[in-house]
Amino acid sequence: MILRVSLLAAVIGLLVAGPASANDSAAHKNDFGTWSFQLENDLFAGADRHYTNGLRVSWLSPDGDTVEWLDLARDALESIALDEDNLSRGNKQVRFGVSLGQDIYTPEDRARTDVILDDRPYAGWLYGAAALHTITDHGMLDSTKTGLKDLESVELQIGMVGPWALGEQAQNLIHELRLIDTFKGWDNQINNEPGIMLLYERKWRLAPPTPVLGSSDPAWSGLEIDFIPSVGASLGNVITEARTGGAVRLGWNIPENFGPPSLIQGGASFHEWGAATDGSFTDVSVYLFATAEGRYVARNIFLDGNTFEDSHSLHKRHWVGDLSLGLSVLLGPVNVSYASAFRTREFDGQDRLNRFGSVTLTWQATF
């Protein structure tokens, strides 16, 4: 196990090798980036099956930081989003991020030791990721002050599927600590296979949050609403899909960022901090949110099985939808969000929707 973890650590080391700051101004001397911890588990919904656990820890650099080997990708994004005359007008932010994550999948029947042909395979996915995020302020481009901004994210995930992903060990540890019966069929999980996945995502913030009608009443003072549409795609031997959707937020003092955290499988690992600008706890934001996303899935290794070897597989459904309902609270540099997620059936013979909860803790490390 130590060897396997060391191998993944080496991959992550290659992903983040050669960090270099593109902005060493005094404004960032005490900014140590944004840290986020995200946990998804179906036990929040009273279940223990299918997509049963997801865990991701991420770090997002201060504005202007990148890594040398991603300079070309950054420049390509800038050339798409901006023309040369606008590059010096301060209308963009570039941030670099790294993540470490693990997903775990099981069938419903934990007691059977044979291959359950009509239920999803046992599988784990352990990965490291490097990402580049570019925020463009279009209001500064044409001086309209409309508030239109977009976020463009590119993320590369590299890891392992199969026993080396340590899904069995991680699940057994948690179940034993919680005195829950362990799953007995892990010997039938899909085989070891290196995984690589390139993700692209774009979100639009169409305007600043809008006051709700009637919010002039003292009882509703400060109540706002906004909508953030998005599109995305992923390509690789793990998951290949295209998706589109959006988020609606309703609350008080909604931060002017790009919405609530995406689900772990629902986009790049960009968790933007959006409350106080000085690291204090004086600013408070509270909002409810609903997100919806439709996906066309061309490949999903956790249902299709291994790419080059025979393994347990199912006939997947190409069209899948996600719906999340949640609450987000920001107190200065700290943001806590919880969402209840519902996912439509992913394979033929699946008798119920997938349900799970998602908790995200984000901290702006400013000293």
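## Helix α4 and its packing

The buried residues of α4 pack against β3 (50-60) and β5 (92-106), with contact taken as heavy atoms within 4.5 Å. This is a predicted model, where local features need pLDDT of at least 70, side-chain atom pairs count only at pLDDT 80 or more, and totals for chains, interfaces and linings use all residues. Residues are numbered from 1 along each chain as its sequence is written, and side-chain values use heavy atoms, leaving out hydrogens and water.

So who's tucked in? In α4, which spans residues 167-177, the buried ones are Gly167, Gln171, Asn172 and His175. They sit on the same side of α4 because they cover an arc of only 115 degrees around the axis. Glu176 and Leu177 are exposed, on the face turned away from that buried side. Buried here is under 20% relative accessible area, exposed is over 50%, and partly exposed is in between (1.4 Å probe, protein chains only). Just after α4, Leu179 has a positive phi of about 60 degrees.

Leu327, in β13, counts as partly exposed because its relative accessibility is 39%.

## The whole protein

The protein has five helices and 15 strands, taken as DSSP runs (H or I, at least four residues; E, at least two). Of its 367 residues, 51% are buried.

Note on methods:
The arc is that of the directions from the helix axis to the C-beta atoms.
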